[in-house]
Amino acid sequence: MELKQRRSSRLSMRVNAWQQQVHSSAVVASGQLLRVVGLTLEAVGCRAPVGSLCLIETEAGELTAEVVGFDDQILYLMPVDELKGVLPGARVTPLGQRQSLQGGPELLGRVLDGNGNPLDGLGPLLSRETIDPHPPLLNPMARRPVAHPIDVGVRAINGMLTVGVGQRMGLMAGSGVGKSVLLGMMTRGTNADVIVVGLVGERGREVKEFIEEILGPEGRARSVVIAAPADTSPLMRLRACETSTRIAEYFRDSGKNVLLLMDSLTRYAQAQREIALAIGEPPATKGYPPSVFAKLPKLVERAGNGGEGQGSITAFYTVLTEGDDQQDPIADSARAILDGHIVLSRALAESGHYPAIDIEASISRVMPQVTEPAHLGAAQNIKRLWSAYRQNQDLIAIGAYSKGADPMVDKAITMQPVLAKFLQQEMRSPINFQLSLEQMARIAAQCKV
């Protein structure tokens, strides 16, 4: 009986070994390229899930593409890199799921592309840790509430639009009004442990300029920069935003307080629009297909506070308002899913007021939860006077306003130079949270009508 059991056991072990060999040597069926239209490649004869990678033979070697959709037996592929040298009937070989990212403190000070590969010429990442590119969703009931302010080093934000640890904020602005400079001020002045910067869809010149001039050596030492300039494929731009968020999640899960700066959310939406329209998804709102508005909250909701024992991700997403239109569909959608927004005014920028933050049009929804009543009251007093002056600015400029007509406006005229000076700040002179409150308290005491 024992002999039979031993023979049965050895036989089952052999069967398991043969099964493993069969699985490990399984043949992957290759297909062929059927059609190329724009950036979309159509392949037949192979099976691969959406989101997986395929290898396409070209004249110059091989091209990596990602499956972005299918129609019956046709796979729709989008190239990860530049599309060139592709021939009719080229072999298409499925590779499997997307590769994992590298993690660890070795990421700090490095500049990476959308796939997590180094761009800075400092050699490969010497890290043994890996990051799963598809993390499980965080249970909303497990998240810690936003309860403490974060110091971003910008006096107007610290005092007037206080941001909480784990808050998600939008930075709404047109082109050329100082978004990148404001982000650089935050990197130098914040008290966050780690800074993750996503530069997506920007000009190639601006990437190096931001890293060397705006970020600087001090900011770069505790930062990870993920760059996908405007000349990269829409898939790479899309992936750069997701990689930035995933690296921020990795540091948050390690117990760090992370500041995530994403420039910009609009480029992410435009990249998804290019992909969706290329595979035939119909446009819905001003040329944006429905998948764009489905992906935005999925990306944004990954930021925020973690559970017990984890850190936080405080995120700023820049939103490019084309033509300074605050009703742009992406800006409108971002306001609905974020915890507040900061509007940069072109009129203030043109008058030399930097940072050009329009405190009337901006709001931090969690400010009452993370500030003391005295702080909140001082901010409201300053905002009332600033608003009173701005609303009557034209009358004051032409001399049509009569002194004594409104005590609030009279006080606003007197305090205007002081308020303007308080709301402005030199780019390379960070002002910490405590000093911001002390200066604001002194001004608020003079603002009482």
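User: Which element gives the largest share of the lining of the second largest pocket?

Analyst: In this predicted model, that share comes from α4, with five residues. The elements that give two or more residues to this lining are α3 (179–189) and α4 (204–220).

User: What classes of residue make up the lining of the second largest pocket?

Analyst: The lining has eight nonpolar, six polar and seven charged residues. Among the residues closest to the pocket's centre are Lys 179, Glu 202 and Arg 203. Lys, Glu and Arg count as charged.

User: Why is the aromatic pair of Tyr 250 and Phe 251 called edge-to-face?

Analyst: The ring centres lie 5.2 Å apart, and the cut-off for a pair is within 6.5 Å.

User: Why is Phe 251 described as buried?

Analyst: Phe 251 has a relative accessible area of 5%. Buried means under 20%, so Phe 251 is buried.

User: What makes Phe 293 partly exposed, and is Tyr 288 buried or exposed?

Analyst: Phe 293 has 24% relative accessibility; this value falls between 20% and 50%, so Phe 293 counts as partly exposed. Tyr 288, at 4%, counts as buried. Tyr 288 and Phe 293 form an edge-to-face aromatic pair, 6.2 Å centre to centre with 70° between the planes.

User: How do you know that Arg 273 lies over the face of Tyr 288?

Analyst: Arg 273 is at 4.3 Å from the ring centre, and the distance cut-off is within 6 Å. The rule also requires a position within 35 degrees of the ring normal, and Arg 273 is listed as lying over the face of Tyr 288.

Notes
Residues are numbered from 1 along each chain as its sequence is written. This is a predicted model: local features need pLDDT of at least 70, side-chain atom pairs count only at pLDDT 80 or more; totals for chains, interfaces and linings use all residues. Side-chain values use heavy atoms; hydrogens and water are left out. On a 1 Å grid over the protein atoms alone, a cavity is a set of points where a 1.4 Å probe fits but cannot get out, and a pocket is an open set with protein on both sides within 12 Å along at least five of seven lines; lining residues have an atom within 4 Å of a point. Helices (H or I, at least four residues) and strands (E, at least two) are DSSP runs, numbered from the N terminus. Rings of Phe, Tyr and Trp (its six-membered ring) pair if their centres lie within 6.5 Å; planes under 30 degrees apart count as stacked, over 60 as edge-to-face and the rest as tilted. Buried means under 20% relative accessible area, exposed over 50%, partly exposed in between (1.4 Å probe, protein chains only).
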